Amino acid sequence: MQTILVATNFSKSSINACNYAAMLANAYKCRLVLFNLIEVSWVHANSGLYLVEIAENRIKNEHKAKVQIADLKAKFPKLEIGTFVKEGSFKKELKNKEKPH
């Protein structure tokens, strides 16, 4: 099974991109994975305060991902949709995510 990985920050533009990716995944019988990255800067990482901020953002973004998946499932009920919410470096996480797929 092929997978389409679509990055989202839950903005109107990225929701539109997710809808388009879902249409493609549905048409080509692919799995869809919503990818959301909470970028951690070195300033936050070294301050020690980022853990609370990142944890709160992760919970909020996981909730937003569940809402977005529910919306997509309503439009494409047979589509397999997963989510990947992570904090870290965009380039590193994208490389890590592409390997298993």
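Which residues does alanine 21 touch, not counting residues up to four places away in sequence? In this predicted model, they are Ile4, Val6 and Leu32.

Alanine 21 sits in helix H1. Its relative accessibility is 6%. Buried means under 20%, so alanine 21 counts as buried. Now look back along the chain to leucine 5. Alanine 21 and leucine 5 are 16 residues apart along the chain. Their C-alpha atoms are separated by 8.2 Å.

Next, take the whole helix. H1 runs over residues 12-27 and has 16 residues. From its first C-alpha to its last it reaches 23 Å. That is close to the 22 Å expected at 1.5 Å a residue.

Which residues of H1 are buried? They are Ser14, Cys18, Asn19, Ala21, Ala22 and Ala25. These residues cover an arc of only 165° around the axis, which puts them on the same side of H1. An α-helix has 3.6 residues a turn, so residues three or four places apart point the same way. The face turned away from the buried side carries the exposed residues Lys12, Ser13, Asn16, Tyr20 and Ala27. Just after H1 comes lysine 29, with a positive phi of about 55°.

Now step into the interior. In soluble globular proteins, nonpolar side chains tend to be buried together. Here, the largest nonpolar core has 13 residues. Those with the most contacts inside this core include Val6, Ala22, Leu32 and Leu72. The elements that give two or more residues to the core are H1, strand E2 (31-39) and helix H3 (50-75). H1 gives the most, with 4 residues.

Leaving aside its neighbours within four places in sequence, leucine 72 is in contact with Cys18, Asn19, Ala22, Leu32, Leu34 and Ile81.

Finish at glutamine 68, in helix H3. Is glutamine 68 buried or exposed? Glutamine 68 counts as buried, because its relative accessibility is 7%. What is glutamine 68 in contact with, leaving aside its neighbours within four places in sequence? The list is Thr8, Phe10, Ser14, Ile15, Cys18 and Leu34.

Terms used: Residues numbered from 1 in each chain as written. Predicted model: local features only at pLDDT ≥ 70, side-chain atom pairs only at ≥ 80, totals over all residues. Heavy atoms only, no water. Expected span 1.5 Å × (residues − 1). Buried < 20%, exposed > 50% of the residue type's maximum accessible area, 1.4 Å probe, protein only. Arc of directions from axis to C-beta. Contact = heavy atoms within 4.5 Å. Core = buried A, V, L, I, M, F, W, Y, C linked by side-chain atoms within 4.5 Å.
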